[in-house]
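Subject: Structure for your review

Dear colleague,

Please find the structure below, handed over for your own calculations.

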Amino acid sequence: MATRKSGLKRAAPKRRPRKAKAGTRGLLPAETMLDLSDKSIEEAKGKIESEGGVVLGGYRDPLGKNPLLLAVLPIDKVEPTPFQRDVSDMHHKRLADVIDRTGLFLDPIIAITAPDKGFWTPNGGHRLAAMRRLGARSLTALVVPRREVAWQILALNTEKAHNLKDKSLEVIRIFRNLLEEDGKRAEKQFDFYFEEAAYITLGLCYEKNPRFSGAAYRGIVRRLSGFSEDSLEKSLKERKDQAEQLQDIDEKVAGVVAKLKAKGFASPYLKSFVVARVNPLRFMQGEPPPLDSVLKTMRERLAKFNVDRIKQEDIASSGGPPDDSD
């Protein structure tokens, strides 16, 4: 039996920079030199020194030409940004062991000036925790004078791949910090920092329920979500409502899965199968309805879901990601 294809347009792919011709961009080595009396670093340099740190040198980034400072900061003056992923206990202990054995800290953290006092590191949480575990008094940092770098954490922090839960929680934490600074600004202004609108909604779900099955719904939310022209304050209210609907759907899906298991069905794809069965976008043609309408339809279908009509071959042919793929 031929599989019907949806007539809906797929979400636009992410844009990536084209490969540039070799040797055509940025600065030559001699052009990266930066005088420590330069006005562009005056404020950051003063902050480092007033907090008890020492500026070792400065230079301009060879690609973007932005000024950077190499400094040693008092460790008690540095904290992770409040919106990044939680530190892994095992990872930071292993890192501490390696640093201790070599006696060398060769990977400076990135640091920016915090809003009130001290510094934030948007990518050095594990290294900071490892150095604290070793009792270090200070640590080396690459200080970026531009504080907005903190909001770009998802773009910068690529050395360890995020899973969906981590990404979503980081994005909603960034959202809340921006909201505190100025909630009147349009959500769309920060699309680069959020990376994907769906992460905001899914982040709200993970805040309420760390075991929320985000992977099962990401495709739907991503396809029907864009960055809003509304203010952060107004947008948050709408996304909270959608998150509540998703959590309700997830609970109802779990109830259907439990009934299927009770009838003897066993598959790592049960949850994905149920979500696909109630997803009205599967065979829809033309422009899709708004997300709220789709979520309403899914809730209605779940309320009428008849497990007695499901066959094992239906589940076997459904495919999709395993239910624990977050």
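In this message, a residue is buried under 20% relative accessible area, exposed over 50% and partly exposed in between, computed with a 1.4 Å probe on protein chains only. The model is a predicted one, in which local features need pLDDT of at least 70 and side-chain atom pairs count only at pLDDT 80 or more, while totals for chains, interfaces and linings use all residues. Residues are numbered from 1 along each chain as its sequence is written, and side-chain values use heavy atoms, with hydrogens and water left out.

Most residues other than glycine have a negative phi. Lys-65, however, has a positive phi near 70°. Lys-65 sits in the loop between S1 and S2 and, with a relative accessible area of 45%, is partly exposed. Glu-195 likewise has a positive phi, near 70°. Its place is the loop between helix H6 (191-194) and helix H7 (197-208), and its relative accessibility of 31% makes Glu-195 partly exposed. Helices (H or I, at least four residues) and strands (E, at least two) are DSSP runs, numbered from the N terminus.

The sheet

Six strands form an open sheet in the order S1-S2-S6-S4-S5-S3, with mixed pairing; two strands pair if DSSP finds at least two bridges between them. Strand S1 (54-60) and strand S3 (78-80) are the edge strands, each pairing on one side only. On average, neighbouring strands of this sheet are turned by 35° against each other, direction ignored. Axes are lines fitted to C-alpha atoms, for helices over the stretch in contact, and angles run from 0 to 180 degrees between N-to-C directions.

Strand S2 (residues 67-74) and strand S6 (residues 138-143) run antiparallel and are joined by 6 bridges, with Val-143 of S6 as the bridge partner of Leu-69. S4 pairs with S6 in the parallel sense over 3 bridges, and Ala-141 in S6 is the bridge partner of Ile-109. S4 and S5 run antiparallel with 2 bridges, and Thr-113 stands opposite Phe-119 in S5. The hairpin of S4 and S5 has 5 residues between the strands, and in it Gly-118 takes a positive phi near 75°.

S4 is largely enclosed by the rest of the structure, because 5 of its 5 residues are buried. Ile-109, Ala-111 and Thr-113 point one way from the strand, and Ile-110 and Ile-112 point the other way.

Helices against the sheet

Helix H1 (residues 42-50) lies across S1, S2, strand S4 (109-113), strand S5 (119-121) and S6, at about 10° to S2. Helix H3 (residues 125-133) lies across S3, S4, S5 and S6, at about 130° to S3. H3 is mostly covered, with 7 of its 9 residues buried; the cover includes S3, helix H2 (89-102), S4, S5 and S6. Contact here means heavy atoms within 4.5 Å.

H2 and H3 pack at an angle of about 60°, with their axes 8 Å apart. The two helices are therefore oblique to each other; angles under 35 degrees count as roughly parallel, over 145 as roughly antiparallel, 65 to 115 as roughly perpendicular and the rest as oblique. Residues making the contact include Leu-95 and Ile-99 of H2 and Ala-130 and Met-131 of H3.

Yours sincerely
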